[in-house]
Amino acid sequence: MFIAQAFKFKHDSWRYLVGTFIIFIIGWQLLGAIPLTVVSFMKAGNLSDFMIASESAFASLFPPKSNLYFFLMLLTFIGGFISLLIVIKFIHNQTFTQLTTSRKKIDWGRFFFGFGLIAAFTIVTTVLDFYYNPENYIVQFDLIPFLIMFAIAIVLIPIQTSFEEYFFRGYLMQGIG
């Protein structure tokens, strides 16, 4: 039913090819990566070190557990998400709701039920794993870095996961369907 939704809008093959190029290359990989690229180049100091660091997606330029690197990596998805919204609106004449569901409006109850189910499963399995394999965990807590990471995660991880779901399981599947 959901993939049939694509046929209600402009769904020519060329639209999906152009749209995929705009979303994946221009929005996500080019525009979305500008902040990471600029900060990484500044940290590298020269082109040679920058090119070497690019082989590790610039992770080698940042300290382990870097909130800045976490932020910059997740920031790339904002470019992809915005370009996805632009493509579905202007190339496919489709609304965000129509990309999300075949219903008239988004069923938030269903959304939060699914979210709660996955969250409960993740929490239960993590607690069980911690109980049965405590040697696999190191408990350490630094309030300020944690709060920074928490704020970044609460804002940007939903954008990252939503972009991936909409692009790979929604947009591309409509294009293939």
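Let's start at Thr101, whose side chain reaches the backbone nitrogen of Arg103 at 3.1 Å. That falls under the heading of a polar contact: N or O atoms within 3.5 Å, where within protein one must be able to donate a hydrogen and the other to accept it, and residues adjacent in sequence count only if both atoms are side-chain atoms. Thr101 sits in the loop between α5 (96-100) and α6 (108-132). Its relative accessibility is 13%, so Thr101 counts as buried; the cut-offs are under 20% for buried, over 50% for exposed and partly exposed in between, with a 1.4 Å probe and protein chains only.

A word on what you're looking at: this is a predicted model, in which local features need pLDDT of at least 70 and side-chain atom pairs count only at pLDDT 80 or more, while totals for chains, interfaces and linings use all residues. Residues are numbered from 1 along each chain as its sequence is written, and side-chain values use heavy atoms, leaving out hydrogens and water.

Now step back to the whole chain. It has seven helices and zero strands, taken as DSSP runs (H or I, at least four residues, for helices; E, at least two, for strands) and numbered from the N terminus. The radius of gyration is 20 Å, well over the 16 Å that the globule rule gives for 177 residues, so the chain is more spread out than a compact globule. That radius is taken over C-alpha atoms, and the rule is 2.2 Å times the number of residues to the power 0.38. Along its principal axes, the C-alpha trace spans about 50 × 45 × 25 Å. Of the 177 residues, 28% count as buried.

What about the interior? The largest nonpolar core has 17 residues, and Ile23, Leu84, Phe163 and Tyr171 touch the most other members. Helices α1 (13-31), α4 (67-90) and α7 (143-176) each supply at least two residues of this core. There's also a second, separate core of eight residues, including Leu36, Ala44, Ala53 and Leu72. A core here is a set of buried Ala, Val, Leu, Ile, Met, Phe, Trp, Tyr and Cys residues joined through side-chain atoms within 4.5 Å.

Aromatic rings turn up a lot, with 23 aromatic pairs in the structure. Rings of Phe, Tyr and Trp (its six-membered ring) pair if their centres lie within 6.5 Å; planes under 30 degrees apart are stacked, over 60 edge-to-face and the rest tilted. Phe62 and Tyr69 have ring centres 5.0 Å apart and planes at 35°, so this pair is tilted. Both Phe62 and Tyr69 are buried. Phe77 and Phe163 also form a tilted pair, 6.1 Å centre to centre with 55° between the planes. This one links distant parts of the chain, with Phe77 in helix α4 and Phe163 in helix α7, 86 residues apart. Phe163 is buried at 0% relative accessibility, and Phe77 is buried at 11%. Both belong to one aromatic cluster, along with Tyr16, Phe24, Trp28, Phe167, Phe168 and Tyr171.

Finally, look at Gln160 in helix α7. At 14% relative accessibility, Gln160 counts as buried. Its side chain makes a polar contact with the side chain of Glu164 (2.8 Å). Gln160 also touches Leu74 and Phe77, not counting residues up to four places away in sequence.

Methods: Contact = heavy atoms within 4.5 Å.
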